Amino acid sequence: MRFLVVDDDVTICEGTARRLRGIGHEAIASVACAFSAEEALAELERGGADVLFTDIRMGGKDGLWLIEQARRMLPDLLCVVVSAYGDFSYAQQAIRLGVQDYLVKPSGMEEMRTLTLRIIVRHQTEQQQRQGQLDAALTGLAGGKAGTLEAAFAESGASLPGRPMQVAAWRGTLRWPEMSGMWHYQPQEGSYMLCCAADEGDLLEPLAACCRALGVSVGVSETGDSLSEMLRQAREAACLGWFWPEARAIRWQPVPQLSAEAKALQSHVRALETQKVRQMLSALAGSGHEDAAPELSAVIPILYAALIRFCGDKGIDAQVFGLPEGPYGWRRVVEDFAEAMERVRVALLSQSRIDPVAFAKRYMREHLCEPLDMAEVAALLHMSYAHFSRVFHREAGESFQAHLLRLRMEAAGRMLWEGESVARIAERLCYQNANNFTRSFTKHYGKPPSAWREAQKGERCGPEQL
């Protein structure tokens with residue numbers, strides 16, 4: 001988190017910044033100083049901030065003017081007024097402007113620490129809530145749901161840079177660091193990211209530099225408005241990283257005019273006819289020398305792309321088969337692709353033999369006292385997140401989260417009847433604290449836990465009836 005301290009008294013401003021740094025919390029990434037409201041606004045325009053500590057009365061524009069201007073520029077900015085002036089009119093105006101806290105100076109180190117930790121927790125909670133809302137919207141868009149990226153970001157209180165978006169996708173799990181020369185957003189549960197160049201330049205250059213440092217290759221889509229289409233392009237391009245690993249960032253290209261052999265191979269891939277594909281690829285590779293034949297290098301990425309599309313159509317997570325580690329000899333090329341097809345076949349058979357909704361409900365009941373999310377269950381079923389979400393809602397008549405909440409509330413009722421404390425129930429059912437649990441319980445049952453328990457006792461209702 002980036003903090004900006006504003007006070008026209010240089011000694012007080014620098015002292016406050018020094019105390020903030022002295023708290024030593026890992027969330028405090030930087031603390032900057034400004035000595036007037038005008039200077040602070042210019043600093044916010046240049047580099048932004050997450051938290052603003054400002055005096056009220058300063059030479060020139062005052063702190064309340066600064067807060068009003070800053071919140072127009074940065075709606076998510078958390079603001080703290082630090083002032084010796086505690087009269088009601090200032091406090092009233094500060095509240096109207098959305099100030100999160102008010103610290104009367106002089107204040108001790110412990111007061112500063114307590115307030116700062118409270119602000120950090122609030123910021124992190126809001127960030128998690130916004131990211132969860134945004135990720136859910138992006139999951140829908142990636143699955144083909146109607147909507148736009150701009151609307152998804154706006155509804156979660158975020159915004160997109162005013163430049164064309166692209167998608168980068170890769171193999172495996174990777175959290176991307178901040179990168180100079182580009183903007184990016186990576187969903188918590190996604191092996192892809194939305195990205196664009198920081199200026200009018202080409203995205204591939206900064207992306208490739210970061211890929212070299214991380215030792216990975218990515219596929220990059222064309223610019224576009226459809227997340228599902230850009231994601232498909234990026235995943236297809238990622239296949240080419242196997243053949244040109246030195247490129248690191250590989251731009252997607254439309255499928256070229258296919259030969260008769262490639263078209264026939266595509267149809268066999270879509271039918272999951274592994275043996276036929278293996279025979280045709282072996283014949284296409286030619287004499288059998290250890291360098292992959294040019295024809296094979298041209299057609300394999302197209303076949304991987306066809307397999308990815310097949311997985312998407314069937315609601316199977318394409319990560320089920322992964323991508324090869326090559327490049328290497330043609331025999332291994334053929335066998336790796338045949339193995340990928342077999343893994344997809346197994347996933348498809350598993351999906352068809354298991355009732356995914358019945359499995360999910362049973363899994364939730366068995367793991368109520370553990371952290372649970374839909375992505376975990378979808379992965380166990382070898383189903384994509386979006387497809388599993390749609391299937392569950394259609395078959396169960398409610399969302400995964402709604403069903404999980406209902407099961408946890410029923411379990412909470414039984415625990416309350418048996419004499420468990422609210423704090424203990426909250427801990428067992430994986431709530432962050434007792435207050436969060438009480439809010440959920442009250443919303444579900446219409447009364448807080450203590451009143452609910454007394455009402456049940458009055459009705460002489462046993463746990464088996466809950």
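Two strands are taken as paired where DSSP finds at least two bridges between them, and in this predicted model such pairing gives an open sheet of five strands in the order E2-E1-E3-E4-E5, with parallel pairing. The edge positions are held by strand E2 (30–34) and strand E5 (101–104), each of which pairs on one side only, and the twist from one strand to the next averages 20°.

Helix H1 (residues 10–23) lies across strand E1 (2–6), E2 and E3 and runs at about 175° to E2, while helix H3 (residues 63–73) lies across E1, E3 and E4 and runs at about 165° to E3.

The largest nonpolar core comprises 30 residues, and Met-364, Val-377, Phe-388, Phe-400, Leu-429 and Phe-437 are those with the most contacts inside it. At least two residues of this core are supplied by each of helix H13 (356–366), helix H14 (374–380), helix H15 (385–396), helix H16 (400–417), helix H17 (422–428) and helix H18 (434–445), the largest share, eight residues, coming from H16. When neighbours within four places in sequence are left aside, Leu-429 is in contact with Leu-368, Cys-369, Arg-408, Ala-411, Ala-412, Met-415 and Phe-437. In soluble globular proteins, nonpolar side chains tend to be buried together.

Notes
Residues are numbered from 1 along each chain as its sequence is written. This is a predicted model: local features need pLDDT of at least 70, side-chain atom pairs count only at pLDDT 80 or more; totals for chains, interfaces and linings use all residues. Side-chain values use heavy atoms; hydrogens and water are left out. A nonpolar core is a set of buried Ala, Val, Leu, Ile, Met, Phe, Trp, Tyr and Cys residues joined through side-chain atoms within 4.5 Å. Buried means under 20% relative accessible area, exposed over 50%, partly exposed in between (1.4 Å probe, protein chains only). Helices (H or I, at least four residues) and strands (E, at least two) are DSSP runs, numbered from the N terminus. Contact means heavy atoms within 4.5 Å. Axes are lines fitted to C-alpha atoms, for helices over the stretch in contact, and angles run from 0 to 180 degrees between N-to-C directions.
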